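Let us go through this model by question and answer. Please look at the sequence and the structure first.

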Amino acid sequence: MTTYLLKNVSVLGGEPQDLVLKDGVVSTGSTTEGVEVIDATGLIALPGLVDLHTHLREPGREDAETVETGTHAAALGGFTAVHAMANTEPVADTAGVVEQVWRLGREAGYCDVFPVGAVTVGLAGERIAELGAMADSAARVRVFSDDGRCVSDPLLMRRALEYVKAFDGVIAQHAQEPRLTEGAQMNEGELSGRLGLAGWPAVAEEAIIARDCLLAAHVGSRLHVCHVSTAGSVEIVRQAKARGWNVTAEVTPHHLLLTDELAATYDPIYKVNPPLRSAADVEAVRAGLADGTIDIVATDHAPHPHEDKDCEWAAAAFGMLGLETALSVVQQTMVDTGLLDWAGVAERMSYAPARIGRLSDHGRALEDGAPANLVLFDPSVSRVIDSSETASLSRNTPYAGRELPGRVVATFLRGKATVLDGKLA
Amino acid sequence: MKRHLLSAADLTREDAELVLQTADEMRSLADRPIKKLPALRGRTVVNLFFEDSTRTRISFEAAAKRLSADVINFSAKGSSLSKGESLKDTALTLEAMGADAVVIRHGASGAPHRLAHSGWVRSSVVNAGDGTHEHPTQALLDAFTMWRHLGPRNGGTLDGQRIAIVGDVLHSRVARSNALLLQTLGAEVTLVSPPTLFPVGVETWGVETSYDLDAVIPKADAVMMLRVQRERMNGGFFPTAREYSRRYGLDGRRMATLQDHTIVMHPGPMVRGMEITADVADSQRSVIVEQVTNGVAVRMAVLYLLLGGSEPAGSLAEPVETPGDHS
């Protein structure tokens with residue numbers, strides 16, 4: 001196994017130092033024998049990024065993404081671990097399916113894949129899946145979600161929150177009150193009224209988050225709120241945390257950067273669920289991420305084949321790519337704006353998501369003996385996003401043609417380079 | 001004018017007035033024995049209808065034929081929403097057939113916008129109604145009808161004329177296009193609806209809004225009733241059809257409170273007994289049938305101006321001289 005010496009690397013944006021990656025672990029000493037030297041002058045080292053919310057589409061929709069292509073994209077984005085959402089075909093609601101996804105990730109070898117288990121059988125919202133069997137499987141599932149659908153039945157949600165306490169699991173809720181969002185196409189506001197697109201009101205997200213926070217507090221369990229998108233949601237989570245409740249939350253890169261104004265193009269590349277919100281909401285989720293109300297950034301990477309976006313808005317699928325652009329969007333919206341330093345980015349994109357997912361070998365500080373999972377990032381360059389250059393099988397990036405700052409130079413998974421010089425190793 | 005007509009907001013006041021004046025010339029054609037102009041001879045207009053709308057389709061068809069265009073009616077059974085052929089593939093097919101203009105009716109808001117801006121076709125796109133978004137030629141024919149009736153007593157314009165639009169604004173493409181166009185033409189628009197049937201953000205539209213029909217109509221110069229689908233009841237927008245009719249329907253009692261010159265309009269198809277009673281629909285004030293006639297003239301004007309050029313139609317307004325017409 002190659003030993004790497006990273007010369008003059010800036011760990012979390014600190015003073016330049018040398019790091020050695022040997023036998024799968026980090027050491028801060030220096031060595032010169034038989035090593036491959038990487039001049040990391042000007043590069044920032046972050047612990048390998050951990051995504052709590054990725055759609056890899058396999059099994060079932062291998063036309064959109066596979067575990068292999070999705071983990072290629074993840075590695076290129078600086079991730080060493082991703083959580084694969086359960087809305088596959090078949091649904092990841094049994095030990096068999098989660099073990100299959102977990103094994104595919106191991107075989108691909110570019111990024112650790114931690115399957116998310118479905119909360120309910122078939123995501124149907126009717127009865128709880130065998131959460132214990134998934135937890136006890138080789139995939140060791142700790143995060144459970146019906147993402148794409150909301151566990152809207154309050155009693156079922158209560159039971160799920162209670163049940164996962166037995167194995168320290170967490171319910172990651174897609175907060176969307178279904179009756180308030182029937183046929184919903186975009187953020188409900190002035191623009192939805194003008195465009196004649198059915199509105200997805202903020203209250204439909206906020207009502208579920210408020211209910212779930214109360215339920216989590218009542219039964220003493222862990223709740224994770226997926227893709228928080230509104231100012232009101234941030235405020236509810238802030239209050240829940242102030243009361244000491246065990247609630248965590250995520251925000252996507254696209255909700256940090258893009259607004260609902262883009263829907264005026266009727267180009268469904270901007271169609272996503274929850275929808276892009278107002279500029280005031282964008283400000284609020286940035287502030288929430290900065291002050292820790294929102295714990296993490298999660299991509300909600302959602303590949304879709306071209307034909308599902310090359311159509312009229314209402315016919316198009318919800319979702320956008322995110323793995324390869326996440327760190328750049330966070331740099332633009334949080335670092336370059338002064339809201340977060342690189343240590344703050346490490347917390348929100350590596351340490352905290354690893355804690356929520358109960359991962360032991362990811363999200364560790366780059367100290368002696370830590371697993372050598374890390375990313376080298378050059379924040380001084382910028383690039384124009386070209387959708388044809390993505391490693392994902394799909395092309396539905398909302399950033400095509402946009403200039404974004406920063407570039408992933410290298411990614412290491414347990415000391416092995418998955419990305420070198422910005423390319424798959 | 002722009003190359004496409006997707007929204008009433010695409011029209012400046014100058015554009016809109018040009019359409020009305022051109023429509024006026026086109027309308028006079030209807031009184032001639034030969035109702036046909038050569039203006040679009042050799043051009044192809046495709047009526048691409050993803051939703052059933054016999055009224056609008058035959059109106060566009062008549063308009064294109066009176067301008068001597070070749071007309072292809074393409075009734076797409078089921079859009080990509082129902083897993084039929086995609087909008088894109090349909091568009092590419094039409095492009096391959098050499099359409100100069102595509103008149104599109106689609107159930108999805110923004111479908112005409114996608115057709116015009118996705119690089120699928122090079123032709124002009126005319127929105128003939130998209131989802132709950134817009135229906136700009138309906139707004140033009142409504143404005144034309146108002147202009148003919150109210151203009152002569154108002155200096156030839158709609159400036160300051162009070163227009164009440166009543167009904168299901170939330171789901172109405174007609175209301176959206178009318179609100180935009182009538183403001184462009186200087187009219188004062190009041191939308192009347194139960195609170196459940198106003199869109200979020202309507203307060204930013206620059207129009208007045210009211211929940212009280214009786215308070216609005218005595219001041220109106222035109223009252224436009226919108227179709228209200230009974231199915232909206234199931235969505236909980238109002239409790240019963242009877243209650244809706246009592247509060248927001250135009251009946252003989254309410255009609256008696258109108259000013260003498262006030263006209264009553266409806267874009268059709270009417271639900272008699274729901275938003276409008278038969279005695280009102282068939283009254284002297286009703287211009288509902290005339291709206292249909294004007295629809296053809298306005299659509300002729302739109303197709304002419306989009307495809308034929310911007311010079312006044314009068315210079316071209318000579319009947320077609322072909323052997324067939326003399327036989």
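Predicted model: local features only at pLDDT ≥ 70, side-chain atom pairs only at ≥ 80, totals over all residues.

Q: Is His174(A) buried or exposed?
A: Buried means under 20% relative accessible area, exposed over 50%, partly exposed in between (1.4 Å probe, protein chains only). The relative accessible area of His174(A) is 2%. His174(A) is therefore buried.

Q: Which side chain makes a polar contact with the side chain of His174(A)?
A: A polar contact is a pair of N or O atoms within 3.5 Å; within protein, one must be able to donate a hydrogen and the other to accept it, and residues adjacent in sequence count only if both atoms are side-chain atoms. The pair here is at 2.8 Å. The partner is Gln176(A).

Q: Which residues of chain A does the UniProt annotation "binding site" cover, and why do they gather at one spot?
A: The entry is unreviewed. UniProt positions are given in the numbering used here, feature names are shortened, and annotations may be inferred rather than shown by experiment. The residues span 81 residues in sequence, yet no two of their C-alpha atoms are more than 10.1 Å apart, so they gather at one spot. The annotation names Asp147(A), His174(A) and His227(A).

Q: Which side chain is joined to that of Asp147(A) by a polar contact?
A: Asp147(A) sits in the loop between β9 (143-144) and α4 (154-163). Asp147(A) is buried, at 4% relative accessibility. Its contacts (heavy atoms within 4.5 Å), leaving aside neighbours within four places in sequence, include Met85(A), His174(A) and Asp300(A). The polar contact of 2.8 Å is with His53(A).

Q: What is the area buried between domain 1 and domain 2 of chain A?
A: The bounds, from an automatic or database domain assignment, are 3-44 + 371-390 + 402-424 for domain 1 and 48-356 for domain 2. Buried area is the accessible area (1.4 Å probe) that two parts lose on being put together, summed over both. Carbon and sulfur atoms give 63% of it. The value is about 2,100 Å².

Q: Which residues form the salt bridge between domain 1 and domain 2 of chain A?
A: A salt bridge is a side-chain nitrogen of Lys or Arg within 4 Å of a carboxyl oxygen of Asp or Glu. The count between these domains is 1. The closest N and O atoms are 2.7 Å apart. The pair is Arg414(A) and Asp112(A).

Q: Is Arg173(B) buried or exposed?
A: Arg173(B) is found in helix α6 (residues 173-184). Its side chain makes a polar contact of 3.2 Å with that of Glu51(B). At a relative accessible area of 15%, Arg173(B) is buried.

Note on methods: Residues numbered from 1 in each chain as written. Chains lettered and ligands numbered in written order. Heavy atoms only, no water. Helix = DSSP H or I, 4+ residues; strand = E, 2+ residues; numbered from the N terminus.
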